[in-house]
Every structure is written in C-alpha cells, then in structure tokens.
Amino acid sequence: MSSNHYDVIVIGTGAGGGTLVRKLAGSGKRILVLERGTFLPREPENWSSFDVIRKDRYHNSEKWLDRNGKEFKPGTGYWVGGNTKVYGAAVLRLRERDFEEVRHHGGVSPEWPIRYSDLEHYYSEAERLYEAHGLRGEDPTEPPASEPYPCPPVRHEPVLARISSELTKRGLKPFHVPLAVRRNEAAPEQSPCVRCATCDGFPCLVGAKGDAETMCIRPALAQHGDRVTLRTGAKVLRILTNASGRAVTGVEAELDGERVIFHGELVVVACGAINSAALLLRSANSAHRNGLANGSGLVGRNFMRHQNAIFFCITREPNPTVFQKTLAVNDYYWGEPGFPYPMGHISLVGKSNKDMLAAGASPFAPEFVLRWVASHSVDWWLTAEDLPNPENRVRLQGDRIVVEYQDNNTAAMDRLIARWKHVLRNIHGPASLFVTARLPIAAVGHQVGTCRFGTDPASSVLDVSCRAHELDNLYVVDGSFFPSSAAVNPSLTIMANALRVGDHLLDRMGVQRTDPIEVPALAAAAR
C-alpha cells in the first residue's frame, strides 16, 4: 500500500472533524487528517482584547463576497481545532421539538430525518468528551437526558447571582449555561480554567477551553500517533473520483507550495458549512458537472447562521464580573402569550471591555466613556432561528466564495429584544440604557445547512448517515447537515452527530465500536 494511501481521510479538525478523529483513532485504521491551518500559537496576545478583537488576530485574512458583490472578512479562522479555538464553549442540546416540523412567524422549520432520541446517547458522549458543566432540571425547555452533566455548573459571580434571583422572582426559570471549560470549582488550585475575562471569542492561553484540538486531536495523536497522521498547512483543493463518479478515490491538496494527491478508502469533509460546500462545488468533474454530491442542486443552498445580537444593558450599578457567561434563559424559546411562535434563546456573553466596545464604536468615542460603559454593562447574547431558504446560499465566483444571505423570520428576534428589554428594565430600573448590535454577515460562527441530510436524494445532499447520496464513500460531518438551525449554539449537535457517524463508519469498516468515552479524571474530581 502506498504511503499516501489511507483507510480514512478527514478534512478539517473542528467540532465535526476533530470529534470524528477522536472517535476513530483507536480503530487501528490508517487515518490522515488534513488541516488547512496550523496550531494556534500560545502567546500573550491570546488574552489581549486589543489584539483579538480590534486587530482581529486569529481570523483568516481572506475576503468573501456578499449577495451584492461587496467584500467582507469572515469571522472564521483556520487552525487545528477550527473555530472551536475561539468559540464561547456553550454546549447546548437542541430541544426535542427542534427535530420536528415547527411553525414560525416567518415560515416553517422542517422536520429532521432523525429524532432527538436517535442522538441522545451521542449528546451524552459528547458532553463527557468535552467535559460539559451544567445542571439538569433548571432549563424549562431542556430535552430528556440519560445522564447528568459530567461536571457541575460554573458558578455565578455575585452580580449575576442577584440577576438570577430577580428573574426567578418574576416567574422565569434562569439556568446555568452548559459550558465546555476545564474548571474544577471545588478545587480551583487544581483547575486549568482560571475564570479569566477572555474566554468567549478568545483562544485559551492555558488550554482550559474544551476545544477540538485540546479534547480530540491532541489525545488522538498522543494515544494513536502510529495510526493517525496530522498534516497541517494542507489546503484541500478538490476531491477526486473514479471514472464513473460513484466513488471518491482521494483528494488533491496544496502542501508546502506543492500539489499532493492522497488516496483514501473513505473521505470525510468537515471544513465548516461554508467551506465544505465550496469544496464540493470546486470538485466538479465530467461525472459531476455541478459539483460533487450536487445532483439535487442543493449543495451550498439553505445556508443558515442564526439571527444573533449582542444586547448591552447599561445600569447605574457597576458590574465587576470577570467570567460572565454563566446564566441563560429559555422561557421565550417557544414564544409567549400573544406570540405563539418560537422567539429564541438568551444567555450572558463574555464580559465587555473598552477595546471590545471600541471595535464597534465611533473612532471619536472617548476612551473614558467606553471604559465607564463597559464597567456598568451586563452583556447578553440573543439568538433567534433563521429558516432554510434555497436562495440563501454559498456559491463560487471563479475561485472566490460568495455568501448570498438575506435575514428572515426577523419578527422573532424583534419580539425577543423587546421582551428582554422590558424584563431587564423591571430589574435594573427605568434609568437603564439598552444598546443592541445585530451581528452582520461576517458573523458565521453558527454556519449550518449547506448540505442537508435526508432520505430523498431529490431534496437532500446526504443520507441519514451523512453519506453523500451520489458517492458511496464520501461523508460530511460539520454543520452542513442541519435541515434547520434551531436557536441554540450548534456546536454540541455537530459533535454528537460526528460521534454518531463515527459509529456508522466503524461498523462499515468492520471494526468493533469503541468503548464510550468515560468522564475524565478532572471532570470526575469536579463532581
């Protein structure tokens, strides 16, 4: 067998690809992992809001085009671990009803080809793998779970504890945000996580975030480095097929300035919903003139990214909170009296500071004003579902990526913002000020939907196992497979689905399924 021939080739190391590699690493098969980026450097700038936010240090420099042909710089980075290197580590399960057809104010969210019960086991496995902290029974919308969270919730700081109490007094059911951080609240001196102010949107200087590099890629290489090969700086240019177009034979990648072909029995694409669609389109050949797996014409279509907004509540009282992302509210997830449609999810976000505010403020804003506002602000993240629309799509213009996207179902976000403003004004008083910043097209951290899975090849790109309908050995395991976006962070669902597909691939290769991932020692100690 050629040294460039592998049993499995995985393209990408984020929430999908990294998790899958960890699942398959002990199979004994030869696995090649191709990552376009490198390891994100450990450096003081990891925790510098000036460098991370204002200088945009860890996002790639390429420019994409929007639906009007205008260039924008996407908020995405190419690193081992993918975008999990800078994600906020929120790991929520989709609600049970999210897998069903749901009527929204702006249209219909379609039914998934699997049910929540099909994924529940893998949600639990993913929570163990990423050391999720949380508490069952707090969230009024949470789906049934077969296991408790592997780690207890990350505690609220005093200001947030008071807000939680006030929300409870008003009949709401606030809960602790499920977080993938390596924190031991009972023995903080043994804890990698130090509850810093630069977690959400930042890389972790001390390796305490549950990202795909830390929890998956490094353990896979350490334990199975004889069978798992990671090539960084490897940009996959196209996927190759046999003459009939029914099977993938390998991939062509650019590595150290040269083009190299790697052959594989199975190829898994996990580049993120936008880049995965672009790669399939870029791989068009005589048997697949419109792109690989694109007989339905749906590759790249039905792109979703959520409606996301940052909501600043500026109060008279200072907010000295350091680690702020611990509190969430889902009471309005499915709507409220007078609005019988889903509205969305509310949670705290990483604590703002003057550099973060300066990134979106007038260049003439005085620094002392930004500092005062940040020190008196309680910062929230609001998410409402956007609906699949085939006209919201990823396509190519030459070799450039075009993201054609128009917001929809906006009444849900409008209602959520208005309701939350009313709730917080009752808590903080009429003198409170509110500033809402809706995230622009460049905010693609929640990208999903471009290669939806389903049972009908005419209306989906992938089958229920996330295998391309038209190619026997091509799989996609990032957020591309989502038929709908729901209204919570998609990371845990991407991770759980990667574990589900991993079991399918082990069965296909005739390998006994690996033992379920156990609760790590640190997580067990934190219980």
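## Cavities

The largest cavity has a volume of about 110 Å³. A cavity here is a set of points, on a 1 Å grid over the protein atoms alone, where a 1.4 Å probe fits but cannot get out. Grid points are joined across faces, edges and corners, and the volume is the space filled by probe spheres set on the points. Of the 14 residues lining the largest cavity, Arg 95, Asp 139, Glu 142, Tyr 149 and Pro 178 are the closest to its centre; a lining residue has an atom within 4 Å of a point. The lining of the largest cavity consists of seven nonpolar, one polar and six charged residues. In this count Ala, Val, Leu, Ile, Met, Phe, Trp, Tyr, Cys and Pro are nonpolar, Asp, Glu, Lys and Arg are charged, and the others, Gly among them, are polar.

The second largest cavity holds about 90 Å³ of space. It too is lined by 14 residues, and those closest to its centre are Cys 193, Cys 196, Cys 199, Cys 204 and Ala 208. Its lining divides into eleven nonpolar, one polar and two charged residues. Over the whole structure, a search finds three cavities of 30 Å³ or more.

## About the model

This is a predicted model, in which local features need pLDDT of at least 70, side-chain atom pairs count only at pLDDT 80 or more, and totals for chains, interfaces and linings use all residues. Residues are numbered from 1 along each chain as its sequence is written, and side-chain values use heavy atoms, with hydrogens and water left out.

## An open sheet of six strands

Six strands form an open, antiparallel sheet in the order S8-S15-S16-S17-S14-S20. Strands S8 (175-176) and S20 (433-438) are at the edges with a single partner strand each, so one side of each has no neighbour in the sheet. Strands (E, at least two residues) and helices (H or I, at least four residues) are DSSP runs, numbered from the N terminus. Two strands pair if DSSP finds at least two bridges between them.

S8 is joined by two bridges to strand S15 (residues 327-329), where Leu 327 is the bridge partner of His 176. S16 and S17 pair in the antiparallel sense over four bridges, and His 345 has Thr 383 in S17 as its bridge partner. Eight bridges connect S17 with strand S14 (residues 307-314); Phe 312 stands opposite Asp 379 in S17.

## Covered parts of the sheet

All eight of the eight residues of S17 are buried, that is, under 20% relative accessible area (1.4 Å probe, protein chains only). In a regular strand the side chains alternate between the two faces of the sheet. On one side of S17 the buried residues are Ser 377, Asp 379, Trp 381 and Thr 383, and on the other Val 378, Trp 380, Leu 382 and Ala 384.

Strand S1 (residues 5-11) has seven of its seven residues buried, so it is largely enclosed by the rest of the structure. S1 pairs in the parallel sense with strand S13 (residues 258-269) over six bridges, and Ile 11 stands opposite Val 269 in S13. S1 also pairs in the parallel sense with strand S2 (residues 31-35), over four bridges; here Val 10 is opposite Val 33.

Helix H1 (residues 17-24) is mostly covered, with seven of its eight residues buried. Among them are Gly 17, Leu 20 and Lys 23.

How values were computed:
1 Å grid on protein atoms, 1.4 Å probe; cavity = no way out; pocket = protein on both sides within 12 Å on 5 of 7 lines; lining within 4 Å. Buried < 20%, exposed > 50% of the residue type's maximum accessible area, 1.4 Å probe, protein only.
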